[in-house]
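Welcome! Have a look at the structure below, and then we will walk through a few of its charged side chains and one of its loops.

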Amino acid sequence: MNKNCIIVLSVLLCAGLGILCPVLALSAPDVGQEGNAGNLIMSVQTDRAYYAPGDIIRIKGTIVDGNKQPVIADLLFQFQEMNKTGSSGTDGSFLVTVPISLVEPENMYRLVISSQKDGFPGRNISIPIIIMGEPSSLAPVPTIPDEFTTT
């Protein structure tokens, strides 16, 4: 039985048109798993759906246990051969910025976020990051604000 469930929402369909939205990811144990209090649940949201070379990715997230109690955990962010460390606060939340290289070609990359806390199994999320030098004709006008919104 798979011990992880990863849900990634990156494209919404509206009136038959593909519209990019910020990435929202959730890493949680299987619903049927017993004793979920001993597991980490990590939810993550990026500020935009696509980026240009040299942009900054803003990542907001929370880490809780299976009882929805906040957890202070060590974090590792891996992107484009770069590792950045951090931790969640006493309320389980974190906000971090990750720079995008100026020299990497346009492509879809993966941002891997790992969380670790003594007494809990580690948790990983891999989310897509799209880099475009010039806006594509398929990309929407960037109307997503730099501020995070709650859903």
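Let us start with Asp-47, which is buried, with a relative accessible area of 2% (buried means under 20% relative accessible area, exposed over 50%, partly exposed in between, with a 1.4 Å probe and protein chains only). This is a predicted model, in which local features need pLDDT of at least 70, side-chain atom pairs count only at pLDDT 80 or more, and totals for chains, interfaces and linings use all residues. Residues are numbered from 1 along each chain as its sequence is written, and side-chain values use heavy atoms, with hydrogens and water left out.

A search of the whole structure finds three salt bridges, each a side-chain nitrogen of Lys or Arg within 4 Å of a carboxyl oxygen of Asp or Glu.

| Salt bridge | Closest N and O atoms |
|---|---|
| Arg-48 with Asp-47 | 4.0 Å |
| Asp-47 with Arg-58 | 3.4 Å |
| Asp-55 with Arg-48 | 3.1 Å |

Together, Asp-47, Arg-48, Asp-55 and Arg-58 are linked in a network of salt bridges. Arg-58 is partly exposed, at 27% relative accessibility.

Now for the loop. Which residues other than glycine have a positive phi here? Gln-80 has a phi near 45°, and Glu-81 has one near 65°. Most residues other than glycine have a negative phi. Gln-80 sits in the loop between strand 6 (74–79) and strand 7 (82–87), where strands are DSSP runs (E) of at least two residues, numbered from the N terminus. Glu-81 lies in the loop between strand 6 and strand 7. Gln-80 is buried at 17% relative accessible area, whereas Glu-81 is exposed at 83%.

Definitions and conventions
Helix = DSSP H or I, 4+ residues; strand = E, 2+ residues; numbered from the N terminus.
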